[in-house]
Amino acid sequence: MYDLDLSVCPVPEEQRPINEYQALKESCLFRTSHGTLSNYIKTLAWIWVPSWAIAGPVAAASFDPAKHPVQFALGASAGASVFLLLALVRLYLGWKYVRDRLESPVVEYEESGWYDGQTWTKTSEILARDRLIAAYQIDPVLKRLYRTFGVLGLSIVAGAIGWLVA
């Protein structure tokens, strides 16, 4: 896909930032955050809705749905949102890590294990390519995640207000 001369690059294939980006982009959960907005929202729903199977019974044990339906719904929603938050944090950390590796002029890598860390300075062509990928491919995903964190935060605040009103 990218036809730069990488013969001067001593970094092992699987530790090259461009290959880490490709692997992340093709993995299941990360692929949806990089794709269309509708697929992204469907994936978040597929995480949040089944989380009710765990959060619902816990909330029902605390708040009888017949007597306290609002507290039950808000408690279960908040509990299900914890699983969603964990998935979003995982997405954010994965994309942020790869973005930082792409933008860095120096690549840290290991030749055979944790004890022999090395560094390699990227050529100007590779650095320019990597920074373009970070700016045009990863930054929009991170912005989408920031907005999602904001919406999730606002829904938690709205739930807290609803709790106080009910």
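**A helical chain, its cavity, pocket and cores**

The model is a predicted one, in which local features need a pLDDT of at least 70 and side-chain atom pairs count only at pLDDT 80 or more, while totals for chains, interfaces and linings use all residues. Residues are numbered from 1 along each chain as its sequence is written, and side-chain values use heavy atoms, with hydrogens and water left out.

The overall plan of the chain comes next. Its secondary structure consists of five helices and two strands. Here helices (H or I, at least four residues) and strands (E, at least two) are DSSP runs, numbered from the N terminus. Along the sequence these elements follow the order α-α-α-α-β-β-α. The C-alpha trace spans about 70 × 35 × 25 Å along its principal axes. The radius of gyration of the chain is 21 Å, whereas a compact globule of 166 residues would have one near 15 Å. This radius is taken over C-alpha atoms, and the globule rule is 2.2 Å times the number of residues to the power 0.38. Of the 166 residues, 34% count as buried; buried means under 20% relative accessible area, exposed means over 50%, and partly exposed lies in between (1.4 Å probe, protein chains only). Among contacts (heavy atoms within 4.5 Å) between residues at least 6 apart in sequence, 67% join residues at least 24 apart.

The cavity can now be described more fully. On a 1 Å grid over the protein atoms alone, a cavity is a set of points where a 1.4 Å probe fits but cannot get out, while a pocket is an open set with protein on both sides within 12 Å along at least five of seven lines; lining residues have an atom within 4 Å of a point. Grid points are joined across faces, edges and corners, and a volume is the space filled by probe spheres set on the points. A search of the whole structure finds one cavity of 30 Å³ or more. The largest cavity holds about 50 Å³ of space. Eleven residues line it, and those nearest its centre are Arg 16, Pro 17, Trp 120, Ile 126 and Arg 129. Helix H1 (17-26) and H5 each supply at least two residues of this lining. Seven of the lining residues are nonpolar, none is polar and four are charged. In this division Ala, Val, Leu, Ile, Met, Phe, Trp, Tyr, Cys and Pro count as nonpolar, Asp, Glu, Lys and Arg as charged, and the others, Gly among them, as polar.

The largest pocket has a volume of about 490 Å³. It is lined by 21 residues, of which Ser 81, Leu 84, Val 151, Leu 152 and Ser 155 are the closest to its centre. Helices H3 (37-62), H4 (69-103) and H5 (124-165) are the elements that give two or more residues to this lining. H5 again gives the most, with nine residues. The lining comprises 14 nonpolar, five polar and two charged residues.

In soluble globular proteins, nonpolar side chains tend to be buried together. A nonpolar core is a set of buried Ala, Val, Leu, Ile, Met, Phe, Trp, Tyr and Cys residues joined through side-chain atoms within 4.5 Å. The largest such core has 19 residues, and Tyr 21, Leu 88, Trp 95, Leu 102, Ile 138 and Leu 145 touch the most other members. H1, H3, H4 and H5 each supply at least two residues of this core, and the largest share, seven residues, comes from H5. Leaving out residues up to four places away in sequence, Leu 88 touches Tyr 40, Leu 44, Leu 145, Thr 148, Phe 149 and Leu 152. A second, separate core of six residues includes Cys 9, Val 11, Val 107 and Trp 120.

Tyr 92 is found in helix H4. Apart from neighbours within four places in sequence, Tyr 92 is in contact with Leu 142, Leu 145, Tyr 146 and Phe 149. Gln 71 also belongs to helix H4, and it counts as buried because its relative accessible area is 15%. With neighbours within four places again set aside, Gln 71 is in contact with Phe 63, Trp 163 and Ala 166. Ala 60 lies in helix H3; its relative accessibility is 32%, so it counts as partly exposed. Beyond residues up to four places away in sequence, Ala 60 touches Pro 65 and Phe 72.
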